Amino acid sequence: MSPTPPHKSLELLREKEMLHEFIRTSTEYIFSIDFSPPVSTRGSVDELVERMFRNGRFGFVNERFARGLGLALEDLIGRPCTAYFKQQANQEVIEALVQSGFSLFDFESVGLVDGEEFYLLNNMVGTVENGYLLRLFGTARDITAQKQADSENIRQREQLMHMNRIGSLGQMASSVAHELNQPLTAIRLNAGAVKMMQDKGIDDPGETLAIMDDILADVSRAGEVIQQMRDLYIGRVHSAGRYDLGTIIANALRLLNSELLVGNIRLVREHDGSSLGIEANEIQIQQLLINLIMNACAALRSMDSVKNLTVRTRREDSRIILEIRDNGPGFPQEDPETAFLPFVTTREDGSGMGLSICRTIIEAHHGTIGARNAEHGGALVTVVLPAIEGP
Ligand SMILES: Nc1ncnc2c1ncn2[C@@H]1O[C@H](COP(=O)(O)OP(=O)(O)OP(=O)(O)O)[C@@H](O)[C@H]1O
Ligand SMILES: [Mg+2]
């Protein structure tokens, strides 16, 4: 090989100096660790990490690196590498490095210096010869500010979502009032029936007891409803269990039996036999069904012809589909989607909360709810919920 011409070696020297200057003033942590004696890469990760900590010493570090550790540059060179990895709780980086086969890129880690958390984005490459690790080169970037900005964004987004859910205190109060209406009406009717029996001197202890049982059941349901609404509005993860949607529907229909009878409404229950397992809060899904069926009953009230209410369920892959359809006048809104907004109502006695509550419930269950007018008239509400395996 011919010797490098003098002007070339000068150029190389200058380039080397520039490189040094660049590394020295870089805002990234830059360092190398020499392993002496070289570390065998065989054995378990734990053993290897331990050997690296024992034999590794800083060969080179830049100013940023030393500052990040709160140490003087000259104090670091030749020092055991544990000064970096242990002190900063960054042992995980070494483990990830070993697992990556000594070429680790874009690995995030959390460090702790003087009780302050900071985040690093690490890159490291090792020189391995004949199964022995000789040297390690690393750079790390402090991404704490970026992380903090991200978490602030997330926090703001969560707060916004929460505010959206709450809407306003008035909305929550209206929701509770709305949901209590049904059990309270049932309690009033039942209590009235007992009083009427007394007034008329009808002595039927069995019947009285049965009515009292109904009243007690409704009172405890009212209590549960308040609890559920509160959970829903404070954004707490609802306590969910595994349920068969068919059973929840049957229970809700039982509660609304007299409503359907009085309204002269013919109920059609359609189910294709598929399993309807959902992960759900039973009370909330029951509330949803009551709201949707009560809406259909209200819409059918004005109709002279045969009044039909169809509740159809089926499973499609990993989704359960529930359709509630009536043959009433259909949604009067130009875009039925607007009916889901709180306080939107066309009914004299309506509060406009029913569908808004339904949507909040379904979103808490990671599902969707939509409304439209069916092809042959009437309103159609479709609810889609994630299915679970089994019954
Ligand atoms: N099955 C339906 N058929 C026709 N219109 C409907 C039906 N369901 C809902 N709507 C329309 O959507 C509006 C909003 O319904 P929502 O349940 O939110 O409130 P509401 O029934 O008016 O009052 P409430 O708060 O007492 O439930 C209704 O006022 C009505 O205009
Ligand atoms: Mg309603």
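## Overall fold

The protein contains 13 helices and 12 strands. The model is predicted. Of its 391 residues, 27% count as buried. When contacts between residues at least 6 apart in sequence are considered, 65% of them join residues at least 24 apart.

## Strand pairing around S5

Strand S5 has pairings with S1 and with S4. The two pairings are set out in the table.

| Strand pair | Residues | Sense | Bridges |
|---|---|---|---|
| S1 and S5 | 29-40 and 132-142 | antiparallel | eight |
| S4 and S5 | S4: 116-129 | antiparallel | 10 |

Phenylalanine 31 stands opposite glycine 138 of S5. Threonine 127, in turn, has arginine 135 in S5 as its bridge partner.

How many residues lie between S4 and S5 in the hairpin that they form? There are two residues between these strands, and asparagine 130 in the turn has a positive phi of about 50°.

## Contact between H2 and H6

Helix H2, comprising residues 45-55, packs against helix H6, comprising residues 91-99. The angle between the two helices is about 120°, and their axes lie 10 Å apart. The crossing of H2 past H6 is right-handed. On the H2 side, the contact is made by Val45, Leu48, Val49 and Met52. On the H6 side, the contributing residues are Gln91, Ile94, Glu95, Val98 and Gln99. Sorted by class, the contact of H2 with H6 comprises six nonpolar, two polar and one charged residues.

Definitions and conventions: Residues numbered from 1 in each chain as written. Chains lettered and ligands numbered in written order. Predicted model: local features only at pLDDT ≥ 70, side-chain atom pairs only at ≥ 80, totals over all residues. Pairing = 2+ DSSP bridges. Helix = DSSP H or I, 4+ residues; strand = E, 2+ residues; numbered from the N terminus. Buried ≥ 20, exposed ≤ 12 C-beta atoms within 10 Å, placed from the backbone. Contact = placed C-beta atoms within 7 Å. Axes fitted to C-alpha atoms, helices over the stretch in contact; angles between N-to-C directions. Left-handed = near helix turned anticlockwise from the far one by under 90°. Nonpolar A, V, L, I, M, F, W, Y, C, P; charged D, E, K, R; others polar.
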